[in-house]
Amino acid sequence: MTATEWTAVMLSLRVASVGALASLPFAIAVAYALARGRFPGKTALDVLVHLPLVMPPVVTGWLLLIGFGRHGVFGEFFERVFGVTFAFRWTGAALAAGVMGFPMMVRAIRLSLESVDHKLEQAAATLGAGPLRIFATVTLPLAFPGVFAGLILGFAKAIGEFGATITFVANIPGETQTLATAIYNTTQDPAGASSTWRLTAIAIAIAIIALSASEALARGLGGRAR
Amino acid sequence: MIEVRARRAFGATVIEADIATAADSLALVGPSGAGKTTLLNMVAGLETPDAGVIAIGGAVLFDSRRGVNVAPRMRRIGYVFQEPRLFPNYSVAGNLRYGASLAPPGAAPIGFEEVVGALGVDLLLDRRPGKLSGGEKQRVAIGRALLSRPRALLLDEPLSGLDPARREDLIGLIVALRDRFKLPMILVSHRLEDAQRLAEASAQVEPGRKVTLAE
């Protein structure tokens, strides 16, 4: 494996992990609001959350570029306040990966939150537990297998993300070139067939490992909860 | 003192009670579907009456005229539901400690060991709720509610689904708890005989009729 290929693989893992983990708290909050909340604009929020799933990824990427680019409203804010730059950096790739995986994460987590018996939450309330405590001690632990499945889905989506990433942060080796964009590069190169094969094999291996790990963990957690 | 004067309409069905008793334990007796559980839910704050007053031991929990409607978690009503609703992600000990951890700071503590001993669940502490029998679950649910130091205890059909021997055990236990912890208690049963053994006063709940009891 060449150094460029190795870098692309490691960067993909970093981008997907950071993207999925950073979006997890937001996904849990939104999923909880959609599962249990009653508020005006709930349908609008639902639609907004699902947009990246339905829109062409290149549109999401372009919107990220407008909003989080150097001169974008959010981009300037993050750079000024937190010193984080997204445009043409790996952090931008992680943001794009997080945004693209967000709808699937929310869907999985929402389903698992909805499956938690509301009567158990009522029981906790009659014992004197407040909403935050009920969420942390009853709802979230019981929904954990679904939350974990959401995290894995988000990670898997992030590993495969292409359109939004290449539009937002381009395809810079060592900085924003992920597994997917690296494979795209090699397919454009007449001499790149062997490289394409190697990267493809790695992509398949990562997918199998992630899915097997999630299955095993979900089974283990499910067993423990019973 | 238990006061439940409340009315709630569900479409054409009206559930209405006019109960005021100096007794510390009250049984609501009647057939299924008569509204007994709804009355308990109103006392616990899980359902809101259209109008009325609910007060236990001098604490006003609901008063539609004065705009009082204390949130369920602030009512300190220990509710043992018909299906015991134990948290499946905790062991028996975990469920009991969950209740104990929510006891208000000023309340006189009820000892964990004391409750475990009184309920006879000491050998079950490490088990998950899924591995308990119906009667064991009921006892753990009673313990969890007791340890949260409620101002009153609600028991919804605590004896349902138990074989005769277990029923006798649990009746003895509830009477002992009632006398030992001096807690006001409202319980629901469809058998008058059980109600009379468990509570000092009882009120009949019939579908479509106002429940009345005045002493």
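Here is a short briefing, topic by topic.

This is a predicted model, where local features need pLDDT of at least 70, side-chain atom pairs count only at pLDDT 80 or more, and totals for chains, interfaces and linings use all residues. Residues are numbered from 1 along each chain as its sequence is written, while chains are lettered from A and ligands numbered from 1 in the order in which they are written.

**Chain A as a whole**

- Chain A has ten helices and zero strands; helices (H or I, at least four residues) and strands (E, at least two) are DSSP runs, numbered from the N terminus.
- Its C-alpha trace spans about 70 × 40 × 30 Å along the principal axes.
- Of the 226 residues in chain A, 39% count as buried, meaning that 20 or more other C-beta atoms lie within 10 Å of a residue's own, with C-beta atoms placed from the backbone (12 or fewer is exposed, and in between is partly exposed).
- Take the contacts in chain A with a separation of 6 or more: 76% of them come from residues 24 or more positions apart. Two residues are in contact if their C-beta atoms, placed from the backbone, lie within 7 Å.

**Two helices that pack in chain A**

- Helix H1 (residues 3–36) and helix H2 (residues 42–54) of chain A pack at an angle of about 140°, with their axes 10 Å apart. Axes are lines fitted to C-alpha atoms, for helices over the stretch in contact, and angles run from 0 to 180 degrees between N-to-C directions.
- That angle makes H1(A) oblique to H2(A) (under 35 degrees is roughly parallel, over 145 roughly antiparallel, 65 to 115 roughly perpendicular, and the rest oblique).
- Who meets whom? On the H1(A) side there are A:Val30, A:Ala33 and A:Leu34, and they meet A:Lys42, A:Leu45, A:Asp46 and A:Val49 in H2(A).
- By class, this contact of H1(A) with H2(A) has five nonpolar, no polar and two charged residues. Ala, Val, Leu, Ile, Met, Phe, Trp, Tyr, Cys and Pro count as nonpolar, Asp, Glu, Lys and Arg as charged, and the others, Gly among them, as polar.

**Where the chains touch**

- The contact takes 15 residues from chain A and 18 residues from chain B.
- On the chain A side, helix H6 (118–127) and helix H7 (131–160) each supply at least two residues, and H6(A) gives the most, with seven residues.
- That side of chain A divides into nine nonpolar, four polar and two charged residues.

**The sheet in chain B**

- Five strands of chain B form an open sheet in the order S7-S8-S9-S3-S10, and the pairing is parallel; two strands pair if DSSP finds at least two bridges between them.
- S7 and strand S10 (201–204) of chain B stand at the edges with a single partner strand each, so one side of each is left without a neighbour in the sheet.
- The twist averages 15° from one strand to the next.
- Strand S9 (residues 185–189) of chain B is mostly covered, as five of its five residues are buried. B:Met185, B:Leu187 and B:Ser189 lie on one side, with B:Ile186 and B:Val188 on the other.
- S9(B) pairs with strand S3 (residues 25–29) of chain B over five bridges and with strand S8 (residues 152–156) of chain B over four.
- B:Val188 in S9(B) stands opposite B:Leu28 and also opposite B:Asp156.
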